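Subject: Structure handover

Hello,

Here is the structure I promised to pass on. My notes follow below it.

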Amino acid sequence: MALNQATIAQLAEHLENCQLQVRDTPKITDEHPGMDWDDAYAIQDAILQRKLARGARVVGLKAGLTSHAKMKQMGVESPVFGFLVDDYCVPEGGTVQTRELIHPKVEPEIVFVLKHALKGPGCHIGAVLAATDFVLPGIEVIDSRYRDFKFDLKSVVADNTSAARFVVGGQAQRPERVDLRTCGIVLEKNGQPVALGAGAAVLGHPAAAIAMLANHLGRRGQELPAGSMILSGGVTEAVSVQAGDNVSLRVQGMGSVSLRFA
């Protein structure tokens, strides 16, 4: 690690305050160009510890920047991983308050819920599908704390991969009952389609993102426990939203899920 513990704690406090106070910041690598991947995830972990100390609960995990469209949109080349806490959870059809966010965008997701634990290294798509209890549609609301959504990979990892809100719903399906690679998705805003895609846009198969997360955690001596809920990453590019927008996602064979912005 390139950063000392005091700097990691200071950066975690700064980034979380940006989230809580709804203000943006230049990316942190501007002032700390030598920070490494361990530093980035250590800052993310410190943000999580701050939230847990205030009574938050971890309710899921997420993969980010997993589609070629998202990688191109954000100018990056590999996925990142983050956590989801209960404060981020929106009920199906519920409302997101835009005054609590800086510059929100939405992404269509395929969500996995595990019946068995997964641990890397060596986790692969087949192991993920065997360990999955069910899949269902989800919408993630991302909200980078970085000015103009401009960041590099290490900065976005430290910022918990832009996590802000999410909703899941639709019709849960056993993974063997739907072709997750070819299933189509339609993201609509105010009744108009704004993004189209298929599961294969996520690393060729959305289960590949779960395998990569399990392998990432395995390198850190951790695992994905049974019961884990994981957002596998945006199938399409992210779509900006504002107060008054209604967003819905339809996933082939899994029904639909929606939320609104006020």
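L65 is buried, at a relative accessible area of 8% (buried means under 20% relative accessible area, exposed over 50%, partly exposed in between, with a 1.4 Å probe and protein chains only). L65 has a positive phi of about 55°, although it is not a glycine. The residue lies in the loop between strand 1 (58-64) and helix 3 (68-74). Helices (H or I, at least four residues) and strands (E, at least two) are DSSP runs, numbered from the N terminus.

Some ground rules. This is a predicted model, in which local features need pLDDT of at least 70 and side-chain atom pairs count only at pLDDT 80 or more, while totals for chains, interfaces and linings use all residues. Residues are numbered from 1 along each chain as its sequence is written, and side-chain values use heavy atoms, with hydrogens and water left out.

Other backbone points

N160 also has a positive phi of about 55° and is not a glycine. N160 sits in the loop between helix 5 (153-158) and strand 6 (163-168). N160 counts as buried because its relative accessibility is 2%.

P121 belongs to the loop between strand 4 (105-114) and helix 4 (125-131). The C-alpha atom of G120 is 8.8 Å from that of G221, and the two residues are 101 residues apart along the chain. G221 is in the loop between helix 6 (206-219) and strand 9 (229-231). G221 is exposed, at 56% relative accessibility.

Strand 5

Two residues here are worth a look. E140 is in strand 5 (residues 132-142). Its relative accessible area is 0%, so E140 is buried. What does the side chain of E140 make a polar contact with? The partner is the side chain of K62, at 2.7 Å. A polar contact is a pair of N or O atoms within 3.5 Å; within protein, one must be able to donate a hydrogen and the other to accept it, and residues adjacent in sequence count only if both atoms are side-chain atoms. Leaving aside neighbours within four places in sequence, E140 is in contact (heavy atoms within 4.5 Å) with K62, K105, V106, E107, E109, A163, R165, F166 and L231.

D133 is also found in strand 5. D133 is partly exposed, at 26% relative accessibility. Its side chain joins that of R174 in a polar contact of 3.1 Å. Not counting residues up to four places away in sequence, D133 touches V113, L114, K115, R174 and P175.

Helix 1 and helix 2

The axes of helix 1 (residues 5-20) and helix 2 (residues 37-53) come within 8 Å and cross at roughly 60°. Axes are lines fitted to C-alpha atoms, for helices over the stretch in contact, and angles run from 0 to 180 degrees between N-to-C directions. Residues of helix 1 that meet helix 2 include I8, L11, L15 and L20. On the helix 2 side, A42, I43, A46 and I47 are among them. The residues of this contact of helix 1 with helix 2 divide into 9 nonpolar, 2 polar and 5 charged (Ala, Val, Leu, Ile, Met, Phe, Trp, Tyr, Cys and Pro count as nonpolar, Asp, Glu, Lys and Arg as charged, and the others, Gly among them, as polar).

Best wishes
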